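Reader: I am new to this structure and would like to get to know its charged pairs. Could you walk me through some of them?

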Amino acid sequence: MSEPEVIMEALHVCKSYPASDGRWLRANEDVSLQLVKGKTLGLVGESGCGKSTFMRFLVALDRPDSGQILYRGQDITALRGEKLRQTRRHIQMVFQDPGASFNPKMRVRDIVCEPLLNFGLIAPKERAAVCRSLLEMVELPGDFEDRYPHSMSGGQRQRVAIARALALQPEILILDEATSSVDTRTEIEIQKAMDNLMKGRTSFVIAHRLSTIRDADLILVMKDGDIIEQGRHEELLAAGGFYANLYNSQFEDVVA
């Protein structure tokens, strides 16, 4: 049996930020992990534990104080300019509130196809057809291409953001709590669409609602910037540790 193909790897990543009282606050402490081709990796933990800080390193929106982020063996923390831009073609990210990054004067077809145009992968006249195809992938009607961001719901904006991320056919798809800002019904609808899109795709999912990563191939549990537990959903529940307590508390909140 062949060894799993590791596409991205974090090695001993550390990050701290200065506080107003002169102390240094630790966001990540010696975090190491691997993204395996075609698998979904989930990262969970309480708010403020360092999940989103770490996620920004994977697309070089921020750089760690120490450690490495390797994409196919190359340390992306050392990349700049065009080399970094070309690497980002293969690693796309959907943020918690993608609508905040949309240009309110742009129609959906321009928002979705902007990455393709920036890399010269399609001609402007092809935008409409390409956009309709991408919108179908996230279960939005083709006539959505003429919409503006202000006319969409939070769930619809999230789907548009996912369509935009998929436009470049990235090797790695990163979802940063992509359903945390929508209601439960919309979350279920988006999750179904994402589950289909992530099949066979290398994905890294930050989750606030643990129900969204139950089927991940591996779940990492972060607390105070450290990875303290890892395993599949059923294994972590059976272990009765921090993940189990976190999951049970969320389930109790839903039932209540």
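Reader: Does aspartate 65 count as buried, partly exposed or exposed?

Author: Happy to start there, keeping in mind that this is a predicted model. Buried means under 20% relative accessible area and exposed means over 50%. Aspartate 65 has 49% relative accessibility, so this residue counts as partly exposed.

Reader: Which residue forms a salt bridge with aspartate 65?

Author: The closest N and O atoms of the pair are 3.7 Å apart, and a salt bridge needs them within 4 Å. Aspartate 65 sits in the loop between helix H1 (51-58) and S4, and its partner in strand S1, so the pair ties together parts that are 50 residues apart in sequence.

Reader: How many residues apart are arginine 72 and glutamate 5?

Author: These two form a salt bridge, with the closest N and O atoms 2.8 Å apart. Arginine 72 is in the loop between strand S4 (66-71) and strand S5 (74-75), while glutamate 5 is in the segment before strand S1 (6-18). The pair therefore links distant parts of the chain, 67 residues apart.

Reader: Is glutamate 145 buried or exposed?

Author: Glutamate 145 forms a salt bridge with arginine 132, which is partly exposed at 35%. For glutamate 145 the relative accessibility is 8%, and the cut-off for buried is under 20%. Glutamate 145 therefore counts as buried.

Terms used: Residues are numbered from 1 along each chain as its sequence is written. This is a predicted model: local features need pLDDT of at least 70, side-chain atom pairs count only at pLDDT 80 or more; totals for chains, interfaces and linings use all residues. Side-chain values use heavy atoms; hydrogens and water are left out. A salt bridge is a side-chain nitrogen of Lys or Arg within 4 Å of a carboxyl oxygen of Asp or Glu. Helices (H or I, at least four residues) and strands (E, at least two) are DSSP runs, numbered from the N terminus. Buried means under 20% relative accessible area, exposed over 50%, partly exposed in between (1.4 Å probe, protein chains only).
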